[in-house]
Amino acid sequence: MRRILQGCERFRMRENEENEDISRVLFELASTRRASILFELEKKSLKMQQIANLLDMTATETFRHLQRLTEANLLDKKGDGNYIVTEFGSLAIGFLSGFNF
């Protein structure tokens, strides 16, 4: 009985972690600025300053958004400084594209 309870507890902990991960990604996608960055990077890889210029944002603001998207595993920064969309980011873009605002 004890093993069953421990197994149930581990399952609940894993489920809670997954829910937190999903919540975090949805929170990151809720920003129109971050969503715009994702959509631009879907077209081609860009450096931070290129993104800032393209979306009329400051370098500081752009850096902060890129950092958040990277931490959420939606973007990856390459050795040459270009940012690219991850596979997970591509799924998120597909999710966002399903909404018509």
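Author: Of the 101 residues in the protein chain, 31% are buried, where buried means under 20% relative accessible area, exposed means over 50%, and partly exposed is what lies in between, with a 1.4 Å probe and protein chains only. Keep in mind that this is a predicted model, so local features need pLDDT of at least 70 and side-chain atom pairs count only at pLDDT 80 or more, while totals for chains, interfaces and linings use all residues. Residues are numbered from 1 along each chain as its sequence is written, and side-chain values use heavy atoms, with hydrogens and water left out.

The protein chain has 5 helices and 2 strands, running α-α-α-α-β-β-α from the N terminus. Those are DSSP runs numbered from the N terminus: helices are H or I with at least four residues, strands are E with at least two. For contacts with a separation of 6 or more, 52% are between residues 24 or more positions apart; contact here means heavy atoms within 4.5 Å. The chain exposes about 7,300 Å², and carbon and sulfur atoms supply 54% of that. The areas come from the Shrake-Rupley method with a 1.4 Å probe, and for residues only the protein chains shown count as cover.

Now the close-up: the place where α2 meets α4. Helix α2 covers residues 32-43 and helix α4 covers residues 59-71; they pack at about 75°, with axes 10 Å apart. Each axis is a line fitted to C-alpha atoms, for helices over the stretch in contact, and the angle runs from 0 to 180 degrees between N-to-C directions. That puts α2 roughly perpendicular to α4, given that 65 to 115 degrees counts as roughly perpendicular, under 35 as roughly parallel, over 145 as roughly antiparallel and the rest as oblique.

Who does the touching? On the α2 side you have Arg33, Arg34, Ile37, Leu38 and Leu41, and on the α4 side Glu61, His65, Leu66, Arg68 and Leu69. By type, the contact residues divide into 5 nonpolar, 1 polar and 4 charged. In that scheme Ala, Val, Leu, Ile, Met, Phe, Trp, Tyr, Cys and Pro are nonpolar, Asp, Glu, Lys and Arg are charged, and the others, Gly among them, are polar.

Two of the charged ones pair up across the contact. Glutamate 61 and arginine 33 meet through their side chains in a salt bridge at 3.7 Å, N to O. Because glutamate 61 sits in helix α4 and arginine 33 in helix α2, the pair ties together parts that are 28 residues apart in sequence. A salt bridge needs a side-chain nitrogen of Lys or Arg within 4 Å of a carboxyl oxygen of Asp or Glu. Both partners are partly exposed, glutamate 61 at 22% relative accessibility and arginine 33 at 31%.

Histidine 65, in helix α4, is another matter: with 4% relative accessibility, it counts as buried. Skipping neighbours within four places in sequence, histidine 65 is in contact with Ser31, Arg33, Arg34, Ile37 and Met57.

Next, follow α2 away from α4. Its Leu38, part of the contact with α4, is also touched by isoleucine 93, along with Phe39, Glu42 and Val85, if you ignore residues up to four places away in sequence. Isoleucine 93 belongs to helix α5, residues 87-97, and is buried at 1% relative accessibility. The C-alpha atoms of isoleucine 93 and leucine 38 are 7.1 Å apart, though 55 residues separate them along the chain.

Glutamate 40 and lysine 43 meet at 3.3 Å, N to O, and they are 3 residues apart in the helix, so about one helical turn separates them. Glutamate 40 is buried at 19%, whereas lysine 43 is exposed at 62%.

Finally, look at the loops on either side of α4. Aspartate 56, in the loop between α3 (48-54) and α4, has a positive phi of about 55° although it is not a glycine, and is exposed at 68% relative accessible area. In the loop between α4 and β1 (75-77) you find asparagine 73, also not a glycine, with a positive phi of about 65°.
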